[in-house]
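Biologist: I have a new model open on my screen. Can you walk me through the side-chain pairings?
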Amino acid sequence: MFNGVWLWVFSGLSLLIVAIEGMCGEFDVVGAIMGVGLGAIAWNEFRGRKLLLQYQARATVILGWNQLALLALIVGYASWMIVSSMYAGNPFEDTIQSIPQSRKMLGGLSRLYETLTLLLYGGLIAGSVICQGANSLYYFTRVKFLRAYLAETPDWVVELQRRQAGGKAL
């Protein structure tokens, strides 16, 4: 539930920003892709939760793949930001071109900008590989425990738990 809610919130915020920028005459394709992607992943997270409440073994597989989809979205975004910032040029370059004397002062900032961009988005990639990778591994390894539980537990107990959790009866 936690993951789904926050993914939904970030999806909504991304799409809201895209809409506001669109009204100002600029359409952010990357922001739109992120907003729609996060929304789809949030929807699938809620779907997986619902199936988990119904004690459906496929829920763990759905949630595991959902984490990998989130990982792919984040890695794609961070990679795009690294590449686009490197090819788009340095934000200090215009000043350096117009005021050549500023090269001594801003030249170091140019390298710092590139380094910080790589550290920020590289860190985002590394952190996501660890977090989403661990989450997906967790979900994929839970299927055997859920199947074992369902095999060992009387049907009436599972049915009672489904009803108490708000899951539909099978």
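Modeller: Let's start with charges. A salt bridge here is a side-chain nitrogen of Lys or Arg within 4 Å of a carboxyl oxygen of Asp or Glu. Keep in mind that this is a predicted model.

Biologist: How many salt bridges does that rule give?

Modeller: The count comes to one salt bridge. Arg163 pairs with Glu159, and their closest N and O atoms are 3.1 Å apart.

Biologist: Where do Arg163 and Glu159 sit relative to each other?

Modeller: Both are in helix α6, which covers residues 155-165. They are four residues apart there, so about one helical turn separates them.

Biologist: And Arg163, buried or exposed?

Modeller: Arg163 counts as exposed, at 59% relative accessibility.

Biologist: OK, switching to rings. How many aromatic pairs are there?

Modeller: A search of the whole structure finds seven aromatic pairs. One of them joins Tyr55 and Tyr149. That pair is stacked, with 5.9 Å centre to centre and 25° between the planes.

Biologist: Why does the Tyr55 and Tyr149 pair count as stacked?

Modeller: Planes under 30 degrees apart count as stacked. The angle for Tyr55 and Tyr149 is 25°, so the pair falls in that class.

Biologist: Which parts does that pair tie together?

Modeller: Tyr55 is in the loop between α2 (29-53) and α3 (58-88). Tyr149 is in helix α5, residues 103-152. So the pair ties together parts that are 94 residues apart in sequence. Tyr149 itself is partly exposed, with a relative accessible area of 29%.

Biologist: What about Trp65 and Phe140?

Modeller: Trp65 and Phe140 form an edge-to-face pair. The centres are 5.6 Å apart and the planes are at 75°. Trp65 lies in helix α3 and Phe140 in helix α5, so this pair ties together parts 75 residues apart in sequence.

Biologist: How accessible are those two residues?

Modeller: Trp65 counts as exposed, at 55% relative accessibility. Phe140 is partly exposed, with a relative accessible area of 27%.

Biologist: Which residues form an aromatic cluster?

Modeller: Phe2, Trp6 and Phe10 form one aromatic cluster.

Biologist: Last one. Where is Ser136, and is it buried or exposed?

Modeller: Ser136 lies in helix α5. Ser136 counts as buried, at 4% relative accessibility.

Biologist: What does Ser136 touch?

Modeller: Ser136 touches Gly64, Gln67 and Leu68, leaving aside residues up to four places away in sequence.

Note on methods. Residues are numbered from 1 along each chain as its sequence is written. This is a predicted model: local features need pLDDT of at least 70, side-chain atom pairs count only at pLDDT 80 or more; totals for chains, interfaces and linings use all residues. Side-chain values use heavy atoms; hydrogens and water are left out. Rings of Phe, Tyr and Trp (its six-membered ring) pair if their centres lie within 6.5 Å; planes under 30 degrees apart count as stacked, over 60 as edge-to-face and the rest as tilted. Helices (H or I, at least four residues) and strands (E, at least two) are DSSP runs, numbered from the N terminus. Buried means under 20% relative accessible area, exposed over 50%, partly exposed in between (1.4 Å probe, protein chains only). Contact means heavy atoms within 4.5 Å.
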